[in-house]
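Open the structure in your viewer and keep the selection panel ready. Each stop below says what to select next.

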Amino acid sequence: MLTYLTKKTLEMVVTFMGITIISFAIIHLAPGKPTDVMADLNPKITPEARAKLEKYYGLDKPVAVQYALWFKRIVMLDFGESFSSDHRQVWVKIKERLPITLYINIASLLIILAIAIPIGISSAVKRHSLYDRITTVGVFVGFAVPGFWLALLLMMFFGVYLHLLPVAGLKSAGFAELSFQGKVIDIARHLVLPIFVSAFGGIAAISRYMRSSMLEVIRKDYMATARAKGLTPKRVIYVHGLRNALLPIVTILGLSIPGLIGGSVIFEQVFSIPGMGQLFYMSVMTRDYPLVMGILTIGAVLTLAGNLLADLGYAAVDPRTRR
Amino acid sequence: MNNTIGTRLKANKMALFGGIIVLSLFFAAVLAPLLAPYDPEAVDRHNVLARPSRAHLFGTDDLGRDVMARMLYGAGISLSVGFVSVGIATFIGIAIGAAAGYYGKAVDAAIMRFVDIMLSIPTFFLILAVIAFLDSSIWNIMAVIGLTSWMGVARLVRAEFLSRKNREYVLAAKASGASDLRIILVHMLPNSLAPVIISAVLGIAAAVLVESALSFLGIGVQPPTPSWGNILSAGKDNLEIAWWLSVFPGLAILVTVMGYNLLGEGLRDIFDPRLWNERSR
């Protein structure tokens, strides 16, 4: 167990360094400099002043040196100062935006699991039935729907046509005057569509994986044994089958975290939600290197945390890995 | 006895249906100059945001351009982005996966570590950053999508090569003095192509989605060049007045992605020997 943990920790450190090195290299080797954006904003800036700025931000040093300096600060949790005119700490900026992105992603993950797993199981059990065919078609359609398009359609239907739900932002105009209960309801009403949209693709994918995983398990000898013992079909499927069928799902969930984080840019832009995805979009547009790197680093940490959770989940479902 | 690829292709409705969609898209893209009723970039100030009508089947956009013409030309954009970026990804994936699987040991360990790292990066963030820093030409988009989506192919090829590198025909080729490159390209790769083709077809679907998302966010294909994503972007700005700007291009993306997915999944069934005898045909 101890060697397993050491190995995992070492792997995580290597992966973290790898992610940050690749991100850093790509961002800093791309042609153009952040000072170009500043020059665009202020055309009167002299070449001397530009050189001074570049020196101030350390952009004149080789990329490897810049990375080493950045990494030295990051281990002490110093993300640096944003290039933007407010010069606020990167960490402060991220901290304001991170929770809402996390809430939306976690809520959509829970919804994905709650809907996709039962669908996957029942279409595997009733294979080739009408139900199975309908869900299979649904999955193919669901897979192919671009999330941002679904968002537009829902905004049009529930927002513009029915006037039922707000289409943008997190809070209504009169938010401050609402009672506590009113505030909760108001935020919930703003979050219904974003959470649904970000869960939609995942429901299709995970239910498909669950179906094929369950089909694989149903053929196994221990399932025949369980049925032969005279257990009820429900017990055979949900106790003996489910546990084994869940194993690949845990792995896939772990692997899908980078995709979820990346997807937050799209739906936060569509719904004007002030989360990390929107912040990333803005930081990229203004070439705010410290902020871009800060968000990519947080993304890497979240991914690694997700992988760790997946490993622990795997161990919880499969006693063989605990040895 | 009817086990040739051809008969199985006909019998597999998924692959057939997907194939028809993909082929029709291909024709739509190639024949766009003939099929399009208008010039896709012709601005008509008197006909801004016109509803779908007989003159403009899918309506016009905020500059009075015909949406149907723009969508037909957009098909070519999304098709070429899909094919080129998947071509790049497949090439890199085969090279890296073959090296890992063929040489094994330390080479394999190092390469697979790199693959794991690439898989842990939120690639959409990285794509977004690179495209925003470079200028968003269609070539940059193709290259960046290709460079960030080769990992699946690499894993597949590696697994195939690992399971084959000690087969008799490989050992025989080695004994007769064939070079590593020749063994990889002539003896091993052809036997591993089926899963690579399937994953390439599915990869095109994913690339089409990424391109449309980038164009939707305003950093992909830039107007006036038409793309399904940037028409949708105009749709978002005119959400309350012009539903046709959002509905039609989105449907086009949906059908395209579904076509490639159906074709890919159908091919998977066709190539999977375990399924050949399972269904009574």
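Start with Leu35(B), which lies in helix 3 of chain B (helices are DSSP runs of H or I, at least four residues, numbered from the N terminus). Leu35(B) counts as partly exposed because its relative accessibility is 48%; buried means under 20%, exposed over 50%, partly exposed in between, with a 1.4 Å probe and protein chains only.

A note on the model: it is predicted, local features need pLDDT of at least 70, side-chain atom pairs count only at pLDDT 80 or more, and totals for chains, interfaces and linings use all residues. Residues are numbered from 1 along each chain as its sequence is written, chains are lettered from A in the order in which they are written, and side-chain values use heavy atoms, without hydrogens and water.

Next, select chains A and B together. In contact are 42 residues of chain B and 46 residues of chain A (heavy atoms within 4.5 Å). Pick Glu11(A) and Arg113(B). Their side chains form a salt bridge, at 3.8 Å from N to O (a side-chain nitrogen of Lys or Arg within 4 Å of a carboxyl oxygen of Asp or Glu). The rule finds 1 salt bridge across this interface.

Now select Ile94(A). What does Ile94(A) touch, leaving out residues up to four places away in sequence? The list is Met276(A), Leu279(A), Leu291(A), Gly294(A), Ile295(A) and Ile298(A).

How values were computed
Helices (H or I, at least four residues) and strands (E, at least two) are DSSP runs, numbered from the N terminus.
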